[in-house]
Structures are given as C-alpha cells and as structure tokens.
Amino acid sequence: MKILFVTHPYPNYLPDLLLHGLRKLLGPAVVDFPRKECLYNGVLGLGICPDDQRCPGWFPSDAGQVDRDEIRNKIAQNFFDLVVCDLRALPFLREQIQQWPRRLVVIDGEDHPQRIAPGPYVVCRRETDGSDYSIPLPMALPQEIFEWIVGYDNLPKIYTIGFLGSTHDGSRKRLVASLARHYPQSLFQATAIPTGETPVPQGRMGRDEYYRRLQQCRVVLTLAGAGYDTFRFWENAACKAIHAAAHMPLFIPDDFKDDLSILRFDSIDKLRAKIDRLLSHDEEAEELILNGRYQLFQNHLTTHRAEYFLQRVQRALE
C-alpha cells in the first residue's frame with residue numbers, strides 16, 4: 001500500500017504519532033511530504049523542544065528510501081492508494097493540486113474540533129466521540145517511548161501520587177492542591193507553559209528525569225489539558241503504577257476498563273476513595289497495573305492505532 005502523508009512543519013502530536021505508526025507498519029511506502037525534519041531530529045509533539053526534551057531515534061529513519069519526487073504528478077495520476085493530510089497542511093495541499101485526490105483523509109489533531117467544510121474526503125479527529133460523523137482517532141504511544149519508561153520499572157516507589165505538568169486551569173489546580181493535602185508524600189510539580197522567551201520554565205524537568213520520577217510513584221494522575229486526549233495519558237499508562245484518569249467524553253478503541261485496568265473519576269472524593277482502597281490492597285493494585293500495561297501494549301501503540309486507522313478509513317471509503 002502506498003500512502004502520501006502531507007505534513008505541516010510544526011510538531012503536532014496526533015498526525016506525527018499516526019505517521020510514526022504507519023511508517024513502522026509499511027516502511028518507505030509511507031511518504032511524508034514535505035519531509036518533516038523535526039521528527040527525524042527527535043522532536044515529539046513539542047513546538048518548543050530544548051535538547052533535554054527530545055527523543056533521539058524515536059522516529060524511523062527514511063534511510064534515503066522515501067521517494068518524494070514528482071509528488072504533484074503522482075497525485076494527479078492516482079499513484080497513491082491513500083492521501084493523508086494534517087489539517088494544518090490542507091492549504092499547502094490545495095496549492096499542489098487541481099482537484100482533491102480520490103482517496104483523501106484529513107486529520108484534525110487540534111485541542112478542539114475544527115470546522116471543516118464538507119468535501120470528498122474522510123475526516124479523522126482527536127477530540128470526538130464519533131457523533132459528529134468523523135472517525136475518532138486518539139493518540140497512542142510509540143514503542144520506543146514505552147521501552148524508555150519501562151526501563152525504570154525497578155526504581156523504588158517513594159511517592160504516593162505523581163502529577164507533573166502545568167496547572168493553567170483553575171479546576172485542575174484545585175484538584176491537585178486537594179490531593180497534595182491528603183497525600184503529603186506525593187510528587188506534585190507544576191510549571192509554567194514554555195514560550196519562545198522562556199523555553200525551559202523554572203522547575204521543568206527533562207524527559208528522562210520526568211520518566212524516572214513518574215516511575216517512582218505508586219499512582220500517576222492524568223487530567224485534561226487544552227484537550228481531553230493528552231500524550232501524558234499514554235505515558236502514564238506505560239508506568240508501573242496505578243493510572244488514575246478523569247473521565248473523557250471521547251471514543252477510544254479497545255478502551256481501558258474502569259477499576260480493572262484504570263481508575264476513572266469525575267470528582268475528588270471518588271478519586272480519593274478509589275486510591276485509598278487500592279493502596280490498602282496490594283494484590284488488587286498489582287492486577288490493575290498489569291492489566292493496564294497489557295491493554296496498552298496490545299492495543300495502544302502507534303502501530304495499533306495505524307492499523308485501526310487503515311481499517312476504519314477503508315470502511316468509510318468503501
């Protein structure tokens with residue numbers, strides 16, 4: 001199968017993770033055009049990415065085997081079985097063609113669903129439950145990142161709960177503050193969002209230290225960010241820890257099961273009750289951790305998401 005993946009130069013979690021999965025499945029038959037340089041330089045999702053946040057070697061090298069010649073003519077001649085386009089790159093694609101490719105998929109990976117005019121294409125969307133007639137396409141975890149995190153499984157558990165991230169939202173800040181009072185031995189560290197003027201806010205950890213510290217927690221916490229589906233959710237699912245996550249109004253294929261492979265919650269009181277129960281029942285906690293990791297490794301690596309994507313798109317186009 002030959003796939004053209006039309007890219008935007010700025011990092012963007014969902015399309016970049018999908019491209020990773022497709023490339024690992026199909027190799028150089030998946031053509032990123034223009035060549036997305038930041039991926040080959042170790043950038044994963046972060047627009048502002050200092051060296052200590054990079055993931056060296058996470059994205060497969062094209063090894064000079066990806067053919068990016070005569071792309072416009074190939075589109076016109078229906079050379080590709082599928083054309084996939086990051087929503088941000090749609091204006092660029094329009095400039096290259098006289099009419100839409102016959103099998104086109106647009107990827108809306110933004111924090112909030114974007115308005116996309118009806119057209120002869122399929123829309124896949126990160127922030128949806130599918131009721132808007134788009135194909136739900138949540139993020140996933142590269143196996144390279146999974147193995148990085150798993151490499152710190154044997155670190156001692158010295159914190160009860162861990163949450164490392166920004167608390168730009170008032171409700172998120174209140175929840176974290178409440179948990180910090182109840183679980184004083186926890187790791188709660190909030191930093192400002194990086195900017196061009198301050199690429200490394202005070203207290204912000206590098207990626208390797210971030211994974212080390214998460215793996216020292218008995219419970220890792222996922223809260224919604226600018227969107228509900230966050231990369232933190234998938235990183236946390238890889239930790240050898242109880243994964244507690246707020247309910248998300250999204251469709252996730254092969255989703256985690258509440259109280260079996262994840263702790264879902266919609267209030268601080270319910271979260272505390274669930275955590276307290278598991279912290280006093282080690283065997284039950286261990287089973288939930290193992291179930292969650294198994295579910296992640298069997299269903300939610302980027303290659304799995306790429307397979308799901310191809311199946312759903314094929315059905316939609318037929």
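Helices (H or I, at least four residues) and strands (E, at least two) are DSSP runs, numbered from the N terminus. The model is predicted, so local features need pLDDT of at least 70 and side-chain atom pairs count only at pLDDT 80 or more, while totals for chains, interfaces and linings use all residues. Residues are numbered from 1 along each chain as its sequence is written, and side-chain values use heavy atoms, with hydrogens and water left out.

Glu70 is not a glycine, yet its phi is positive, near 55°. The residue is exposed, with a relative accessible area of 53%. Here, exposed means over 50% relative accessible area, buried under 20%, and partly exposed in between (1.4 Å probe, protein chains only). Asp259 also has a positive phi, near 70°. Asp259 sits in the loop between strand 10 (242-246) and strand 11 (263-265). It is partly exposed, at 33% relative accessible area.

A cis peptide bond joins Phe33 to Pro34, with omega near -10°. Pro34 belongs to the loop between strand 2 (30-33) and helix 2 (37-40).

In soluble globular proteins, nonpolar side chains tend to be buried together. A nonpolar core is a set of buried Ala, Val, Leu, Ile, Met, Phe, Trp, Tyr and Cys residues joined through side-chain atoms within 4.5 Å. The largest such core has 61 residues. Leu18, Leu22, Ile107 and Phe309 have the most contacts inside it. Contact means heavy atoms within 4.5 Å. Beyond its neighbours within four places in sequence, Ile107 contacts Leu14, Pro15, Leu18, Val84, Cys85, Asp86, Leu87, Cys124, Leu137 and Phe309.
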